[in-house]
Amino acid sequence: MKSILQKKENGRCYLCMILRGDYDRRSALEEHHIFGGPLRRQSEKYGLKVYLCIQHHREGPEAVHQNVKNMRLLQKIAQREFEKKRSREEFVRIFGRNYREDENGAGIGSGADRIGDPDGFIRWEA
């Protein structure tokens, strides 16, 4: 399934856009399933994936496979988007936990922090 968070064709790294405001196109992007391991198939099924540059995917201090803070940021964003069409109860049943439980209403997804992009990118301020 296509990502519900980002159009692959836009050629931009999702985390470069969120963390740095960098909308430059990248020559190489890697697909990242936001919920990996045994949940990878579910990430694919529900479109919970983004496209990342190598530095934000595997190599470097901000890479989601090295940086828990950035991994959790993507998990919260993915849950928020999932819940636009389905319930939180269904999300927890499928993915095993609520990644948004520490939100206090002012963080990711409060509404005021959402920035749209003409290329189909959904950005949340951290």
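Colleague: Quick one first. What does buried mean here?
Modeller: Buried means under 20% relative accessible area, exposed means over 50%, and partly exposed lies in between (1.4 Å probe, protein chains only). This is a predicted model, where local features need pLDDT of at least 70, side-chain atom pairs count only at pLDDT 80 or more, and totals for chains, interfaces and linings use all residues. Residues are numbered from 1 along each chain as its sequence is written, and side-chain values use heavy atoms, with hydrogens and water left out.

Colleague: Fine. Is C16 buried or exposed?
Modeller: C16 counts as buried, because its relative accessibility is 1%. C13 is buried too, also at 1%.

Colleague: Which cysteine sulfur is nearest to that of C13?
Modeller: The one in C16, 3.6 Å away.

Colleague: New topic. What's the fold pattern?
Modeller: Along the sequence, α-β-α-β-α-α-α-β-β. That is five helices and four strands. Both are DSSP runs numbered from the N terminus: helices are H or I with at least four residues, strands E with at least two. The protein has 126 residues, and 46% of them count as buried.

Colleague: Which residues of α5 are buried?
Modeller: F91, I94 and F95, in a helix that spans residues 88-95. They sit on the same side of α5, because they cover an arc of only 80 degrees around the axis. The arc is taken from the directions from the helix axis to the C-beta atoms.

Colleague: And which exposed residues are on the face turned away?
Modeller: E89 and R93.

Colleague: What covers the buried residues of α5?
Modeller: The cover includes α2 (40-46) and α4 (68-82). Just after α5, G96 has a positive phi of about 90 degrees.

Colleague: What does F95 touch?
Modeller: F35, L39, Q42, S43, Y46, L48 and F82, leaving out residues up to four places away in sequence. Contact means heavy atoms within 4.5 Å.

Colleague: Which residues touch the most other members of the largest nonpolar core?
Modeller: Y14, F35 and F95, out of 23 residues. Such a core is a set of buried Ala, Val, Leu, Ile, Met, Phe, Trp, Tyr and Cys residues joined through side-chain atoms within 4.5 Å.

Colleague: Which helix gives the most to it?
Modeller: α4, with five residues. α1 (14-20), β2 (49-52), α4 and α5 each supply at least two.

Notes. Disulfide = S-S within 2.5 Å.
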